[in-house]
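Subject: Structure handover

Hello,

Below is the structure you asked to have passed on. My notes on it follow.

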Amino acid sequence: MMVMLIAEAAVVKYDWTVDYITASPDCVEKLVLSVNNQFPSPTIHAMEGDTLVVRVTNAIPTEGVVFHWHGIHQTTTPFFDGAAYVSQCPINPGETFTYRFTVERAGTYFYHGHFGMQRAGGLFGSLIVSISLHKEPFAYDGEHSIILTDWWHKSIYEQQLGLTSIPFRFVGEPQSLLIQGRGSYNCTGLAGVAPGSLNCIVCNSTNPLCAPHVLPVMPGKTYRLRIASVASLSSLNFILEGHTLTVVQADGRYVKPFQVDNLNVYSGQSYDVLFTTNKEPSRNFWAAVNVRGRKMSTPTGLAILQYLPNPATLVPLTPTPVSPAWNDTAASVAQAKMILAKFGYEQAPPLKPDRTVTILGTQNMVDGHIKWALNNISHVARPTPVLAALKYNIRGAFDSEPPPDFPIKDYDVFAPPPTNYRNATSGSPVYVFTKDSVVDIIVQNANTLTPNNSEIHPWHLHGHDFWILGYGEGQFDPEKDPAFFNLVDPPVRNTVAVFPYGWVVIRFIANNPGAWPFHCHIEPHFHMGMGTVFAEGIEHIPELPTQTLGCGLTKRLMRL
């Protein structure tokens with residue numbers, strides 16, 4: 001059997017060139033980051049156990065690039081995780097870099113740029129890892145995959161500059177929501193601007209490249225729909241008009257099947273759902289996505305569920321689907337708590353941790369700039385990859401002082417930061433965990449600098465999945481709240497949403513030698529410092545490929 005399994009594993013190769021193209025995802029023309037002139041970037045297909053080899057040539061003349069393989073653990077290959085200045089140096093303009101790693105677990109994943117805000121600029125695509133259909137614990141007749149995102153007409157350079165400016169200029173709400181790279185902006189609002197003028201925006205609602213994405217189905221069948229969100233800012237809610245969604249997987253892990261009419265998909269998360277085409281076959285239906293967690297000003301993103309043999313151009317005459325109220329946090333928490341591990345497919349977590357770290361996420365000021373901070377430290381990436389610094393004992397690559405395991409006591413999470421906590425410091429902290437130790441992370445949300453305001457933060461951990469032991473409101477109580485942890489069938493994920501004025505507790509085993517970012521998956525928040533790095537098994541980190549080095553203090557290694 002082992003020989004057969006080894007024989008069945010394949011090496012799947014891709015050859016990519018990354019550059020900007022001119023595209024109109026929502027009918028408005030702009031520069032978009034692409035792979036091989038495609039947007040979204042090409043979907044990767046592989047079988048569980050395959051080795052992926054992706055040769056990347058950076059044809060962008062003015063910036064580096066990396067690719068993070070979101071949800072892939074990179075066991076024994078931490079240097080191919082694709083996090084700039086953590087696992088590798090960025091790929092310079094004109095250079096070629098080859099990623100080579102094994103996809104160990106079947107599921108719905110994705111990849112995206114992890115340098116600056118390149119994900120928001122369009123650098124993302126699906127990564128589908130399959131197994132034989134007879135091995136799945138559910139049956140279906142066909143499948144589709146979609147990737148969801150929010151979309152701005154401003155360039156990522158303009159967005160980044162605003163986030164670091166004094167006065168602060170936020171990116172604002174997105175102009176559109178895209179389903180599989182397509183949306184629709186109302187071009188009539190741009191009428192009267194002369195073509196070729198300085199303020200001209202090219203918007204063509206008849207452009208076929210911004211026509212709604214189409215999901216063709218046959219009546220009377222059951223389909224698997226793979227859904228992932230790479231949203232830059234927005235929490236999204238997905239609806240398949242008139243159809244019930246049965247959720248069977250979350251972040252590539254099996255869950256107890258449950259049914260919903262709408263599904264919250266936070267940035268960095270993926271879901272696999274089943275639906276049956278048992279509705280009126282003479283019409284098509286809307287697939288829709290709306291914003292949750294922020295006051296909605298962005299129009300509904302739409303695709304079409306096409307009941308064959310109806311034409312794809314048969315647009316539904318029904319109103320666009322409506323999601324739950326944007327600020328109905330109770331409904332969001334209730335749905336999150338519906339997600340439980342499927343019996344027989346996931347191990348229960350260890351009963352106790354070896355170490356507990358409490359992370360308080362706050363909005364602060366740093367030298368007059370608005371920033372996000374963890375335990376009063378706003379993360380700044382330094383030009384030496386953390387992995388290389390740990391492996392080769394390079395000093396000065398990150399903070400020598402270990403970050404605090406606990407924030408200040410008696411912090412009021414319902415009020416803006418007090419005077420003595422309003423100003424944070426910038427730093428490059430690294431939490432170092434003992435190999436194979438059990439770690440609990442308590443992530444505590446709080447009020448922003450604005451009174452009566454707290455935001456949703458989806459937290460993603462590289463290199464691991466984790467158990468979600470519990471959610472709660474207000475200040476975490478270490479004496480009372482652990483009594484309510486789910487230690488029987490908690491969901492296993494790589495990204496978890498922390499709700500306004502709330503907390504979440506995750507547990508993971510530090511069994512994957514490497515350096516792994518743990519950060520808010522909202523692009524502006526991470527760019528403004530809402531992240532840190534976890535490291536473990538430093539003495540077991542393998543030799544690093546020379547192509548991952550060459551920046552910062554690793555230059556000296558290249559001269560040896």
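Residues are numbered from 1 along each chain as its sequence is written, and side-chain values use heavy atoms, with hydrogens and water left out. Because this is a predicted model, local features need pLDDT of at least 70 and side-chain atom pairs count only at pLDDT 80 or more, while totals for chains, interfaces and linings use all residues.

Strand β4 covers residues 51–58 and is joined to β6 by 7 bridges, the two running antiparallel. Helices (H or I, at least four residues) and strands (E, at least two) are DSSP runs, numbered from the N terminus. Two strands count as paired if DSSP finds at least two bridges between them. The open sheet here has 4 strands in the order β2-β1-β4-β6, and its pairing is mixed. β2 (30–35) and β6 (96–102) stand at the edges with a single partner strand each, so one side of each has no neighbour in the sheet. From one strand to the next the twist averages 20°; axes are lines fitted to C-alpha atoms, for helices over the stretch in contact, and angles run from 0 to 180 degrees between N-to-C directions.

Two loop residues belong with this part. T77 is in the loop between β5 (67–70) and β6. T77 counts as buried at 12% relative accessibility, where buried means under 20% relative accessible area, exposed over 50% and partly exposed in between (1.4 Å probe, protein chains only). Not counting residues up to four places away in sequence, T77 touches R100 and F101; contact means heavy atoms within 4.5 Å.

S24 lies in the loop between β1 (11–23) and β2. S24 is buried, with a relative accessible area of 13%. Leaving aside neighbours within four places in sequence, the contacts of S24 are E29, N207, L209 and C210.

**The sheet with β13 and β18**

Another open sheet has 5 strands in the order β11-β19-β18-β13-β16, with mixed pairing. Its edge strands are β11 (214–217) and β16 (263–265), each of which pairs on one side only. The twist in this sheet averages 25° from one strand to the next. Within it, β13 (residues 235–240) and β18 (residues 285–292) run antiparallel and are joined by 6 bridges. F238 stands opposite V289 in β18.

**Strand β30**

Is β30 enclosed or open? Of the 8 residues of β30 (residues 502–509), 7 are buried, so the strand is largely enclosed by the rest of the structure. β25 (residues 438–444) is joined to β30 by 7 bridges and runs antiparallel to it; here Q444 has W503 as its bridge partner. β27 is also antiparallel to β30, with 6 bridges joining them, and E473 has G502 as its bridge partner.

**Cavities**

How many cavities of 30 Å³ or more does a search of the whole structure find? The search finds 6. On a 1 Å grid over the protein atoms alone, a cavity is a set of points where a 1.4 Å probe fits but cannot get out, and lining residues have an atom within 4 Å of a point. Grid points are joined across faces, edges and corners, and a volume is the space filled by probe spheres set on the points.

The largest cavity has a volume of about 90 Å³. Its lining has 15 residues, with Y266, Y271, A336, I339 and R493 nearest the centre. α3 (329–337), β27 (466–473) and β29 (495–498) are the elements that give two or more residues to this lining. By class, the lining has 9 nonpolar, 5 polar and 1 charged residues. Ala, Val, Leu, Ile, Met, Phe, Trp, Tyr, Cys and Pro count as nonpolar, Asp, Glu, Lys and Arg as charged, and the others, Gly among them, as polar.

The second largest cavity has a volume of about 70 Å³. Of the 14 residues that line it, Y85, H379, A381, R382 and V386 lie nearest its centre.

Regards

Key:
On a 1 Å grid over the protein atoms alone, a cavity is a set of points where a 1.4 Å probe fits but cannot get out, and a pocket is an open set with protein on both sides within 12 Å along at least five of seven lines; lining residues have an atom within 4 Å of a point.
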